[in-house]
Structures are given as C-alpha cells and as structure tokens.
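Have the sequence and the 3D view open as you read.

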Amino acid sequence: MRLIAAMSGGVDSAVAAARAVDQGHEVIGVHLALSSNPQKYRSGARGCCTVEDSHDARRAADVVGIPFYIWDMAEEFHEGVVENFLSEYAAGRTPNPCLRCNEKIKFAAVLDRARAMGFDGVVTGHYARTRQSPSGKTLHRAVDISKDQSYVLSVLTVEQIEGAYFPLGDTEKIDIRKEAAERGLSVANKPDSHDICFVPSGDNAGWLHERLGSEVGPIVDQEGKEIGKHKGAYTYTIGQRKGLGLSVPTEDGSPRFVLKIEPKTNTVVVGARADLAIRTMYGEKPVWCGPAVALTPTEGFVQIRAHGQPLPCTYYLDGDKLVATLAAPLLGLATGQAMVIYDGDRVVGSATVCETLA
Amino acid sequence: MSVYLDHAATTPMVEPALVAMNQQLRKLGNPSSLHTPGRSARKDIEQSRESLAKVVGCIPSEIIFTGSGTESDNTALKGLFWKGRKEGKNLVLISAIEHHAILDPAQWLQEHEGAQVIEIPVDSNGVVEIEALDTLLSQRADEVAVISVMHANNETGAIQPIAAIVQAANEYSIPVHSDAVQSFGKVGLNFAELGLTAMSLSGHKIGGPLGIGVLVLKRGLELPALLHGGGQEREIRSGTLNAPAIVALSAAAECSIPVEEIQQLRQLLENGIKQAVPDAYINSTGEKLPGIVNATYPGTESDTLLLLLDAEGIAASTGSACSAGVQRPSHVLLAMGHNEKSARSSLRFSIGTSTTRAEIERVLEVLPVVIERARAANLR
C-alpha cells in the first residue's frame, strides 16, 4: 500500500514509519507544522512542532530511507483544536485537545489529503491496534496498557479507522525504544511528550488567563452563599480541590471540591466530596468505531480519562445521546471529557460528556 | 526517468569547472603567502579574477571574492548604508521582489541600525515601477543611502530596468547595487555599461561550485567590512582566498550557456502547461530569463504539487520556506498582485544547460494527473 507516515520527530512515529516500510508498504514521511510561530527548541518533555522536532523527524525519515515533507496544518490546527479548546473552557467544560487533533487533523485533514493524493492511509506512532472483522476494521487497545492511546483515538469513524495504521500497538514502549536504537534512530532516547503541545510552558491556567481574561467571580456553596472569589471560572475543573483559596472552613473541617462551573454567571460551585458522586453520564455527538450502539442497555466498560480505569457500566443510546450508567458511583466527572465505551479491548465508540446525574 | 527542473536553485557543475577545481584542490599554497607555492596559488586566482572581469565588464580590482551571493548582498547593502549614514542618509530603497539575501539585511538595518526601508512596488508582470522610484527620489533623494534592485527575479525571471534605475539615481549621485545572481551567464550583464556601484554574483548558479560568490564593487570605493581578519580583498572581505572555488567559478563563467535552446524548451513547457491545464497562467510574461517558468495552477497547493511531482521523479520549486520548513506564500507573487491563495498555488520550473526535451515532455505527460490529484487534495 501507499501510506503517509505522520512523523512528529519523536521515537514512536519514527519506529512506526520504519515498521511500515519493513511491512512492504511504500511510505512517505510527513511532519505536520501545527504552529505558525514554531519555537526553536523543545523545552523538556513539553510541546512539539518546534524547529528541532521537524529536524528530528527529517533525520528519522533519512534513516528509514523515505521521502520527507512538511505539511502546514497550522490553520487547521488552530481552528479545529486550539479554538475548540478555548471555547470549551469558556463554556465551563474540560476538553481533551488530543482527541480533537486526531479527529480533525491526523485522521481528517491529513488522511483526506493523503487519500486525494492517491495514498491508502496514514501511519502513526499511536499505541493502539486495529483488527479485521467481518464488519470491517475495528479499533482495540494496545498491548502496552500503560501507553494505550485507544482513548484519544475513540473519535475515529469506521471510515477513518479503515485508513489508520498503528504498527506499534502490539509492542511494549520499552521495546520500541530498543528497536529505535537498533535501527540507528537518534530519537531513541528522546523524552516522551506530555501535556498539551500548544501550551509550551505547561501552565494551562496561565495560558487560558492570557486568552480568556481574568474576570473575578464568586465561589459559592451549594446553598448559593458566597465563600470566596476566583479569577475566571474556566480555569477550574470539576472535582478540583486545590487552588480554591477559600478562607471560610466547612463546619467539620472537611475539604471542598468544585462541583459545578457556571460560565454564564462566572460562578464556581463547591461542596463536599460526597456531592461529586455521579452514577449516570450523558454524552453528545457520539461516534462509533464500529456498529452503532443499540437502544437496549448493553454491559460493558466506560473510560473517562486518557489513562483512567475502565469502569463497568451499562450503556445504550437515548435519542442522539450516548448514556452510560455505572455499576458503582464515580467521584467527579467534568463535562467536555470524552466517555469512551469498551467491549473488552475493543473501542465501541465515544461521546463528549454533556451532563451527569447522581 | 528523473527530471531536474530546479536549475535556478542550483545547477550541475560544468566539466571545465570540475577539472579546474580538482586540479586546484591538489595544489599547495595559501594565496596570501609570499613564497613560491603561495605566489603560484595567488597567480591562479588573479588570472581567474582577470578573466571573470572580462566576462562581467569590470576591471579586475573591482572583483571581490566572497563566500556566497548572500554574503555579497549583505556586504553591499550594509556597507553602502553605513557609508551613506555617515553623510546623514538613512533611507534604503529596495524593490518589493528582492531575494531574502537583500530583504532580510534591509529589515535588519531597519531594526538595528536606524535605517528606514522603502520597498519600490512592481507591476503585475513583476517589473519595478520606475515612476514610483522617480516620485520617491523627487521627494526624498537627499535621504537615500542606497538603492538595491535585483537584475532579474529568481522566482519569475522578470528582468528589471536596471539601466533606468541607475540613470534616475545618478541625477542624485545615489549608489545602486544589483543582485545579479540569477542573470549572471544567462543574459548580457556588463557592470560598466550598467553604471552600477555594486553587483552580486554567485558560483553555483552558473555551473561553478557552491561556496563562492562575487561582489563587484566600483574601483576606489571603500566599504566597511563584515568580516575582519587578514585584510584580503581590499580589506572588505578577510579570509583565506578559496582558490579551488575561484578558479572553478572562472572556468564556469567562460562556458556559455545555450540560451536559445533553453528558451525553446521554456516555450515548449509554457505552451504545454497551457494546453494541459487550461486555467493555469504564467507569471511574468515580459522580458525575462530564458529558463524560468513560474505558473499558477488554480485550486492547488504548491507543496502538494511538489510532493506529487517528486514522487514522479520531477524536481520543481515552491519558493522559500521558513526555518521550520513550512512553505510561505511568495512575497514576489504577492507584490505582483496575487492573493495568498493564488500565490500558494504557484510553482517554478527552471531549465538549465543539461535540460533535455524528453524531460519537458515527461513533465507535460504527468502534469494533468498531478494537477487533478492536487486539486482533490486541496481541502481549504
């Protein structure tokens, strides 16, 4: 097959490209320039898209022996990922930009462009697996559960999964580093990237403050009584305990947690830990990585964080909403996060949490 | 079949240059040394300087060897600005279509040295509007430290009205520099006849080696140096003289480029493009360099075109990229009235001495499919 390898300049995508070549595919390496003002150097484990990363990607392509190009996706990334990130926070939700990037950039803009140019699909260094089934290609967890990225890929439609190739899904990360060294890839020991690539300082709250302002608002208890002030409700996330700066203690001295964020009134509602408990979650805009979920409840698992535990649940479709009812209550779930349904290690689909019920 | 149509970026070294360079690389002696081997190396350089001077119409002492066309441009622009500033002049006039080797030092002078840079506009053919220069000079001539306009544009090939610019500048005794890197060897270029103060040339665009440039600088003119050291080259460019590259450059300059054949191939390519892609159009249709075909293919993105052509073994150019390798819309095409979209849909083919008819035919054969795919891949 003819494949485009998305090469970030990291070790995973370099080995993924090399493996695709070994498998006999015709591979072309592409580095996505996602920032219109790239920084020169990486700082620590944060960020990507620096000039240094694009150089590392180029050198990896040289070692693998494939052509290499840079695709400017800065505009698409800004519109599809960064602006979405801001508007979600402004609306009081907690978004996951990596999901949006996979949904809008890597397996949309890049895959569409690749297909139009006569390629069959896109190779990435994601830790996930796909399998052929009678109903088509399905998406599954990686062998290395600690690195599994099926959560952030759960926004891919069947058609996108058809064009997705994850050569690393059957290998432990530690072995990928070894393989990179054996292949002579200089990125073998490059640190993993963490956090949000377009917030290079790692200071998410500070980055949001610069862009969304710092309008002071009230922190209230569940009765609506003001017990403190904050500088922008959007910098809080449901379940958050630290950084509230409250001077009025609770009667029994127990800590308070963020229960709710009301962006319209710029209000943060806090309460006891027990009040965080939810049992049912509703998700909007569901995406199915295979056959659509039925209207009748089905037993399975739901995962609500990238590296969170799969939680036993029953799930079903209610109108255009995906509903999951947990077997045991969960403390703290922010709207805006993805709820991803698993059937064993298979990703059934996902939706964006829009409402929770105790 | 691999097709190389990026000769304006760099072109293969010609045989006489390869031979001359090889021989000189085996010779011993620093050209600045006083002993026999040193004098011998120096002699080779001076012979090269003299023959090169004949080719470009200057006297030998007007030739200053540098490390690149970029270095020549920087030395001339900064040096002439600093010289003018001593007389209280801080205006730098450049055309809007200069190479980055002029644009960026001009920008640097503005940011760090108190210069004011004014870009002279071009018409839709990419030719400097001489009336705009006249107007500027009639108002602010006494503030102008230097005028720099390239001899021919590297992206479109459009030849600039240097003689008219020099004539206008002469009325006010303003020095004129011209970046003639692309014109060198391809069109008539005579330093004395043009009446220029300074002119930049480069070795690797004419079949000479990389890493050698020339600044032709009027006799008797002192300019502040960028590199200080051994005092070579009129103390304007210190550094051990690169004898192998100098003799090879001179050998390449002696070889004439088959201009007529190149022009015919260009015509073949231009006609073929118009036939294969009816809505494509050629940028710059006036007087231009023989081998450059810059065309816009509506609905495409040039980096997609480049990738698809490359996959077919065809090398073309999309213009400059930023430090991260991201394509930028050409400032040259923007100055000619393109919008960002059409500037991003443009691609340059450049034909050289080694180009064959078969290469052009191969491009025309794959072009329709490439354009079709590029259009489908253009999601913006």
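A helix axis here is a line fitted to C-alpha atoms over the stretch in contact, and angles run from 0 to 180 degrees between N-to-C directions. Keep in mind that this is a predicted model.

With that in hand, look at helix α3 (residues 74-90) and helix α8 (residues 204-212), both of chain A: they pack at an angle of about 90°, with their axes 11 Å apart. Angles from 65 to 115 degrees count as roughly perpendicular, so α3(A) and α8(A) fall in that class. On the α3(A) side the contact is made by A:Val82, A:Phe85, A:Leu86, A:Tyr89 and A:Ala90, and α8(A) brings A:Asn204, A:Trp207, A:Leu208, A:Arg211 and A:Leu212. Sort these contact residues and you get eight nonpolar, one polar and one charged.

Now go back along chain A to helix α2 (residues 51-64). The buried residues of α2(A) include A:Ala57, A:Ala60, A:Ala61 and A:Val64. An α-helix has 3.6 residues a turn, so residues three or four places apart point the same way. The buried residues of α2(A) pack against α1 (11-22), β2 (26-33) and β3 (68-72) of chain A. After α2(A) comes A:Gly65, with a positive phi near 85°.

What about disulfides? A:Cys289 has A:Cys313 as its nearest cysteine, sulfur to sulfur 15 Å away, and A:Cys289 counts as buried because its relative accessibility is 0%. In chain B, the sulfur of B:Cys58 is 18 Å from the closest cysteine sulfur, in B:Cys255, so the two are too far apart for a bond. B:Cys58 is buried too, with a relative accessible area of 11%.

Technical notes. Residues numbered from 1 in each chain as written. Chains lettered and ligands numbered in written order. Predicted model: local features only at pLDDT ≥ 70, side-chain atom pairs only at ≥ 80, totals over all residues. Heavy atoms only, no water. Buried < 20%, exposed > 50% of the residue type's maximum accessible area, 1.4 Å probe, protein only. Helix = DSSP H or I, 4+ residues; strand = E, 2+ residues; numbered from the N terminus. Contact = heavy atoms within 4.5 Å. Disulfide = S-S within 2.5 Å. Parallel < 35°, antiparallel > 145°, perpendicular 65-115°, else oblique. Nonpolar A, V, L, I, M, F, W, Y, C, P; charged D, E, K, R; others polar.
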